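Me: Please take a close look at one part of the structure shown below. I would like one connected account that also sets this part against the rest.

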Amino acid sequence: MRFFKGKQKQRLRPLGESEAYHHSYGDAPRDVKIVKLEPRRPRYRQVLADGERLRQAFAQRLDKRAKEE
C-alpha cells in the first residue's frame with residue numbers, strides 16, 4: 001500500500017556505500033575507525049569435501065532414524 005502517489009525520483013547514477021551511509025546517517029562518528037582487513041586464507045578443497053561427506057552421512061543417519069520410528 002503506497003500513501004504517496006507522486007512521481008518517483010529517478011537516479012542518474014547508483015549511490016556508493018559511503019554516499020548511501022552519509023544520506024542515511026549523516027557524517028560518521030569520530031570514534032569509529034575504518035580498517036582494512038587482510039584477505040582470507042584460501043580454503044582447501046579436501047577440507048570442504050570431507051565436510052560435505054560428513055554432512056551427507058549425518059543426513060542419512062537422520063533419515064534412517066526417522067524411518068525406524
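Reply: Tyr25 is exposed, with a relative accessible area of 63%; on this scale exposed means over 50%, buried under 20% and partly exposed in between, with a 1.4 Å probe and protein chains only. The model is predicted, so local features need a pLDDT of at least 70 and side-chain atom pairs count only at pLDDT 80 or more, while totals for chains, interfaces and linings use all residues. Residues are numbered from 1 along each chain as its sequence is written, and side-chain values use heavy atoms, with hydrogens and water left out.

The partner of Tyr25 is Tyr21. The structure holds one aromatic pair. The ring centres of Tyr21 and Tyr25 are 4.8 Å apart and their planes stand at 50°, so the pair is tilted. For such pairs, the rings of Phe, Tyr and Trp (its six-membered ring) must have centres within 6.5 Å; planes under 30 degrees apart count as stacked, over 60 as edge-to-face, and the rest as tilted. Tyr21 counts as partly exposed, at 37% relative accessibility.

Both tyrosines belong to helix H1, which spans residues 17-25, and they sit four residues apart, about one turn of the helix. Helices (H or I, at least four residues) and strands (E, at least two) are DSSP runs, numbered from the N terminus. An α-helix has 3.6 residues a turn, so residues three or four places apart point the same way. H1 is hardly covered: of its nine residues, the count of buried ones is zero. After H1 comes Gly26, whose phi is positive, near 85°.

Glu19 forms a salt bridge with Arg13, and the closest N and O atoms are 3.1 Å apart. A salt bridge here is a side-chain nitrogen of Lys or Arg within 4 Å of a carboxyl oxygen of Asp or Glu. Glu19 counts as partly exposed, at 28% relative accessibility.

Now the rest of the model. The structure holds three salt bridges, and the protein has two helices and zero strands. In helix H2 (residues 45-68), Asp50 and Arg53 are three residues apart, about one turn of the helix, and their side chains meet in a salt bridge at 2.4 Å, N to O. Asp50 is partly exposed at 33% relative accessibility. Glu52 and Arg55 are likewise three residues apart in H2, about one helical turn, and their salt bridge has its closest N and O atoms 2.7 Å apart. Glu52, at 35% relative accessibility, is partly exposed, and Arg55 is partly exposed with a relative accessible area of 46%.

Over the whole protein, buried residues make up 0% of the 69 residues. The accessible surface comes to about 8,400 Å², of which 54% belongs to carbon and sulfur atoms; such areas come from the Shrake-Rupley method with a 1.4 Å probe, and for residues only the protein chains shown count as cover.
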